[in-house]
Amino acid sequence: MGAIYKRELSGYFNSAIGYVVLAVYYFFSGLFFYLYCFYRDSASLGYVFANMFYIVMFIIPVLTMKTFSEERRQKTDQALLTSPVSLTEIVLGKFLGAFTIYALCCAIFLVYGVVISFFAQPQWSVVLCTLLGMLLLGMAIIAMNIFISSLTESMVVAAVVGMAAGLVIDTMSSFSKLVPIPWVQFVLEKIDFLNYYTNFTYGILSIVDVIFFLSVTGLFLFFTVRVLERRRWS
Amino acid sequence: MIEVKNLTKRYGKITALDNISFTVDTGEVLGFLGPNGAGKSTTMNIITGYISSTSGTVTVDGSEILEEPKKTKQKIGYLPEIPPLYIDMTVRKYLEFMFDLKRVKLPKKEHLDEVMRLVGLEQHGARLIKNLSKGYRQRVGFAQALLGNPPVIILDEPTVGLDPKQIIEIRKLIKSLGKKHTVIFSSHVLSEISAACDRIIIIADGKIIADAKTDELSGVLTDKRQLLLTAEGSAADIQNELKKIPDVQKVKKTGESDGAAQFAIEYKPGADIRRDVFSAMTRLQCPILEMRSGSESLEELYLRLTGSVKGGEA
Ligand SMILES: Nc1ncnc2c1ncn2[C@@H]1O[C@H](COP(=O)(O)OP(=O)(O)O)[C@@H](O)[C@H]1O
Ligand SMILES: [Mg+2]
């Protein structure tokens, strides 16, 4: 697993993907930070965090699009699958690699917190709580997109489907209000990522939200292992 | 060392492997020969654990890949048909990665140096794989398969797309591997296999059609011995005279032109009738214009065998 994790990290920086993702994240978070915190003279990062949700939905598919699709297209999966490592280790190694890059993205918020502290007193508890929420949200979306990548040989398809899935999640909250059937509405609300994420941006740390994102992550990683396992038998 | 038992693989309705069984002894270099689509890669992918068989078992050095995947995979070095290279890594970085991935316990730097020297990559460690020629990429794939000195090495068409000089080098390398490792190596070109292997298995349409030591292969595949003769004179007389030769089993006239006749003479395996034919023709005063062995070359045999299987299915 260590070997795969290391290779994933170096892979992100050997190709442009690592830099592009970091740059896009830093650019938009910086832009929102400037617009909300400086322009409106606010010491709260809440708006910035809320808007980053959309950016995250778009950059994570780019981050993970290659994970399994490109391995399959280039046939490098033959090296992984014939080496003495389990499928779980392979999936986890790739997941942790993508998550590390994402965590580097999110770390910029600590910098913004420090910047605010020169002008006003930032609410560190809220900042850290939101940061945690952002990491958990990212985890779940990374796992989902790794799963999507394991379904196709084309990284472009993986990225596009991942972004589409992001849009679906994004519109789910508005959509669920339109559905007249109560139980469907209930289910949609229960699987709406934004519902759980928003609590964090208010500085509310609830164990339910944490468990939600961890389970979604675990579930998609498990699905990915299953997809790889199934393919061997097909 | 390797035991393959009743292996069958179906892809949906296509039967890629049909109940294949064979064993490979320690230190043996086995050639796996068959036309494209015969099932060579499929067999190798199952032995190495890349895919699973529909039924049947593979045992490598006493352990089974489905029961002890890690332990079994550790014993095999595999060079697939398309070398599994991460092209935006350097040669050295890639081999370091594969070393870690395979959890090799040897001293890293020394071992990598040794393997790179063996395949002739010692000057190229810092180059990006995407900038390497096909031959060099193949060497990187080779090096990767050798990491950790696995007792079993499996090479899927390692010479495809290489130029003649590179093919000779690879062949040498395979021969040298045979001393310390058990090797299976596939190709659809007979001459390559017969030059490097102790034993040959011919596979066509998912079935084994021959399994023999290289030098015995043509004997195993054909029990017919033929001498082709062209002589001047009366065809009937010649035919009668030829039939009198002790080891001759059958004489068939295959053609006649300008007062000369052609015959195909079948004789007992192991016998040599050339001198008797000469004496017979001298007695008849019929000059021999041509006399040659009619037994098929290994190449012709291979083509006929694999061709007939294909033709039978169509
Ligand atoms: N993934 C697959 N899906 C469907 N059919 C396949 C697949 N891989 C191989 N085959 C079929 O199985 C047969 C054997 O293929 P293969 O083992 O690659 O042959 P070889 O390596 O001898 O050229 C071929 O008919 C091929 O079309
Ligand atoms: Mg093949």
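**Figure 1. Elements of chain A, in order.** From the N terminus on, chain A runs α-α-α-α-α-α-α-α-α-α-α-α, which comes to twelve helices and zero strands. Helices (H or I, at least four residues) and strands (E, at least two) are DSSP runs, numbered from the N terminus. The model is predicted: local features need pLDDT of at least 70, side-chain atom pairs count only at pLDDT 80 or more, and totals for chains, interfaces and linings use all residues. Residues are numbered from 1 along each chain as its sequence is written, chains are lettered from A and ligands numbered from 1 in the order in which they are written, and side-chain values use heavy atoms, without hydrogens and water.

**Figure 2. Contact of α6(A) with α7(A).** Helix α6 (residues 87-106) and helix α7 (residues 108-119) of chain A pack at about 10 degrees, with their axes 4 Å apart. Axes are lines fitted to C-alpha atoms, for helices over the stretch in contact, and angles run from 0 to 180 degrees between N-to-C directions. A:L104, A:C105 and A:C106 in α6(A) meet A:I108, A:F109 and A:L110 in α7(A), where contact means heavy atoms within 4.5 Å.

**Figure 3. Magnesium ion (ligand 2) in chain B.** B:S41 (OG) and B:E81 (OE) coordinate the magnesium ion at 2.0 to 2.6 Å. Donors are N, O and S atoms within 2.8 Å of the metal (3.2 Å for Na, K and Ca); water is not among the atoms, so sites may look incomplete.
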